[in-house]
Amino acid sequence: MRLETLCIHAGYTPDPATGAISPPIHLSTTFERGADGEYPHGYRYARESNPNRRALEEGMAALEGGADALAFASGQAASAALFQALQPGDHVVLPLSVYYGTARLAESLFADWGLQITRVDTTDLAAVAAALTRPTRLVWIETPSNPLLAVTDIAAVVQLARRAGAMVVVDNTWATPLGQRPLELGADFAMHASTKYLGGHSDVMGGLLVAREKNDFVEKLRSVQQTGGSGAPAFDSWLVLRGIRTLACRFEAQCRSAMEVARFLARHPAVVAVHYPGLESHPGHTTAARQMRLWGAMLSFQVKGGRSEAMSVAARVRIFRRATSLGGVESLIEHRASIEGAGSRTPDNLLRLSVGLEHPDDLVEDLARALQ
Ligand SMILES: *Cc1c(COP(=O)(O)O)cnc(C)c1O
């Protein structure tokens, strides 16, 4: 099946009890044993698993082309599980340009726990190789990155990591399985904040780890999820799987509009930089062209001036909503440095856009008015 078809059918079978095409939501926390003491349907207790979570995991494994998947209560819970499955003292390579929550998780919570973190510019392969001269368990890639849209060569980093005996995880939230195929490029894990494009409607939190192969480390992850209790709840799993059904058409339309918005901003005299991998001027354009099927629907731009000029552009939009997060049907604008707070590496004149499903001409007109 092609990806568009998998979006519709992966994880779905008509309900055997009723024939329902849209699956029931199983809110039960506990499941009955047979007279023989066994669990005939494989479910015991909802912290460990439930039918909606399992359907999402099976659907996502199929969509990313992995051997198995684990669904969590948020993107951060998925990332935390990956760190928890490592040993205290393990060395992790983390990008300089990365979702600030990932950096905070690794550098504050898991530093207390003994994880050794090295931040490098993962777009610079020599810098990655230098970081890997220390014994390393995990290399984290986020491409395109938040909020600067830095593009890392996944296959090249995988090659370096393999030689060093390290695993590679790609945060594929911004590209989605439609836009980028990390496991086919050799990564061990694809990670998703399903809160974003997979859910797609700004109404559910979730996270996913998709594993290229089943092994002892994946068993450990399963134990972190089931024993630690961070798995995705039934209703949330149902909503994410429902969101995935329209992912292909939503994301393709959003990517087309994002390109129009990026081209408009790149020509605008009040804009000094546009960060979008689809633009030929983007430093990662060639790498992105090799490893991405779609350029994505996230972009950021820097206005002439500083923080107050950026804030006043954000204050003048009428269609874009001023909010954090991304991947929903409505377009969002955000002054990123404000939410990242102390320690942010984001330029003060930068605004980040999540391009939604409105007509692209309305979005361009809204930005034109705000930039006047
Ligand atoms: C939102 C996001 C996360 C974190 O996901 P939550 O569901 O908010 O915990 C991780 N990585 C990226 C790239 C994100 O955009």
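Trainee: Where is P147 found in this predicted model?

Mentor: Look between two elements of the fold. P147 is in the loop that runs between strand 4 and helix 6. Strand 4 covers 138-142 and helix 6 covers 154-163, and P144 is found in the loop between them too.

Trainee: Which residues does a cis peptide bond join at P147, and what is omega there?

Mentor: The partner is N146: a cis peptide bond joins N146 and P147, with omega at about 5°. Now step back along the loop. T143 and P144 are also joined by a cis peptide bond, and there omega is about -10°.

Trainee: What about L149, and is its phi positive or negative?

Mentor: Positive. L149 has a phi near 60°, and this residue is not a glycine. You will find L149 in the loop between strand 4 and helix 6, the place where P147 is found.

Trainee: Let's turn to pockets. How do I find empty space in a structure?

Mentor: Here is the general idea: a probe the size of a water molecule is rolled over the atoms, and this shows where empty space is left. In this model, the largest pocket holds about 570 Å³ of space.

Trainee: Which residues lie nearest the centre of the largest pocket?

Mentor: They are D15, P16, H26, Y43 and P51, out of 20 residues that line the pocket. Helix 2, residues 51-64, supplies the largest share of that lining, namely five residues. Sorted by class, the lining of the largest pocket has eleven nonpolar, five polar and four charged residues.

Trainee: And what is the volume of the second largest pocket?

Mentor: About 400 Å³. Its lining is made of 27 residues, and Y99, A193, T195, K196 and S325 lie nearest the centre. Several elements each give two or more residues to this lining: helix 3 (75-84), helix 4 (100-112), strand 6 (189-193) and helix 13 (336-340). Of these, helix 3 gives the most, with three residues.

Trainee: Which pocket does the ligand sit in?

Mentor: The ligand sits in the second largest pocket. There are 14 residues around the ligand, and G75, Q76, D171, T195 and K196 come nearest.

Trainee: What classes make up the shell around the ligand?

Mentor: Five nonpolar, six polar and three charged residues.

Trainee: How far is the ligand from the side chains of D171, K196 and W174?

Mentor: Take them one by one, checking distances between polar atoms. For D171, an N or O atom of the side chain is 2.7 Å from a nitrogen atom of the ligand. For K196, a polar side-chain atom lies 2.8 Å from a ligand oxygen atom. For W174, an N or O atom in the side chain is 3.3 Å from an oxygen atom of the ligand.

Trainee: What percentage of the ligand's exposed area does the protein bury?

Mentor: Start with the ligand taken alone, which exposes 380 Å². The protein buries 93% of that area.

Key. Residues are numbered from 1 along each chain as its sequence is written. This is a predicted model: local features need pLDDT of at least 70, side-chain atom pairs count only at pLDDT 80 or more; totals for chains, interfaces and linings use all residues. Side-chain values use heavy atoms; hydrogens and water are left out. A residue is near a molecule or strand if one of its heavy atoms lies within 4 Å of it. A polar contact is a pair of N or O atoms within 3.5 Å; within protein, one must be able to donate a hydrogen and the other to accept it, and residues adjacent in sequence count only if both atoms are side-chain atoms. Accessible areas come from the Shrake-Rupley method with a 1.4 Å probe; for residues, only the protein chains shown count as cover. On a 1 Å grid over the protein atoms alone, a cavity is a set of points where a 1.4 Å probe fits but cannot get out, and a pocket is an open set with protein on both sides within 12 Å along at least five of seven lines; lining residues have an atom within 4 Å of a point. A molecule sits in a cavity or pocket if more than half of its atoms lie within 2 Å of its grid points. Ala, Val, Leu, Ile, Met, Phe, Trp, Tyr, Cys and Pro count as nonpolar, Asp, Glu, Lys and Arg as charged, and the others, Gly among them, as polar. Grid points are joined across faces, edges and corners, and a volume is the space filled by probe spheres set on the points. Helices (H or I, at least four residues) and strands (E, at least two) are DSSP runs, numbered from the N terminus.
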